[in-house]
Amino acid sequence: MAKDDVVTFSGTIEDKLPNTMFRVKLDNGHEILATVCGKMRKNRIWVNVGERVRVEMTPYDLAKGRITFVERKRAPGESAEQ
């Protein structure tokens, strides 16, 4: 399956589950299980309950997804390295 064949949604982390799984409530009201993508795991990017995330899902299984981006709000002038 090509990387272009994914569907991207935004949502909020509702619950943290074992084995780096998360319950995500999408903006359209659905709840899915999602895991952290490999690049985020490699760079040790943390995901916490209540954060906004972007989730990629395959059109074949709309109950599971992969978290690809964490949308964090930063104060003006705050560096990403802090």
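Modeller: Let's start with Arg72 and Glu51, which pair up in a salt bridge whose closest N and O atoms are 3.0 Å apart. Keep in mind that this is a predicted model. Arg72 sits in the segment after β5, while Glu51 belongs to the loop between α1 (38-42) and β4, so the bridge ties together parts that are 21 residues apart in sequence. How buried or exposed is each partner? Arg72 has 37% relative accessibility, so it counts as partly exposed. Glu51 comes out at 16%, and because buried means under 20% relative accessible area, Glu51 counts as buried.

Now step to Glu71, whose side chain meets that of Arg54 in another salt bridge, at 3.4 Å from N to O. Here both ends are in strands: Glu71 is in β5 and Arg54 is in β4, so this pair links parts 17 residues apart in sequence. Glu71 is partly exposed, with a relative accessible area of 28%, and Arg54 is partly exposed too, at 35%.

Strand β4 also holds Arg52, and its partner Asp27 lies in the loop between β2 and β3, so that pair ties together parts that are 25 residues apart in sequence. The closest N and O atoms of the Arg52 and Asp27 salt bridge are 2.9 Å apart. Arg52 is partly exposed at 28% relative accessibility, whereas Asp27 is exposed, with a relative accessible area of 53%. The structure holds 4 salt bridges, and the ones I've described are among them.

What about the nonpolar side of things? In soluble globular proteins, nonpolar side chains tend to be buried together. In this model, the largest nonpolar core has 15 residues. Val24, Val47, Val53 and Ile67 are the ones with the most contacts inside that core. The elements giving two or more residues to the core are β2 (21-26), β3 (31-36), β4 (52-57) and β5 (64-71). So β4 and β5, the strands that hold Arg54 and Glu71, both turn up in that list as well.

Let's finish on Val53. Which residues does Val53 touch, once its neighbours within four places in sequence are left aside? Val53 is in contact with Phe9, Ser10, Gly11 and Ile13, and also with Val24, Val47, Ile67, Phe69 and Val70.

Note on methods. Residues numbered from 1 in each chain as written. Predicted model: local features only at pLDDT ≥ 70, side-chain atom pairs only at ≥ 80, totals over all residues. Heavy atoms only, no water. Core = buried A, V, L, I, M, F, W, Y, C linked by side-chain atoms within 4.5 Å. Buried < 20%, exposed > 50% of the residue type's maximum accessible area, 1.4 Å probe, protein only. Helix = DSSP H or I, 4+ residues; strand = E, 2+ residues; numbered from the N terminus. Contact = heavy atoms within 4.5 Å.
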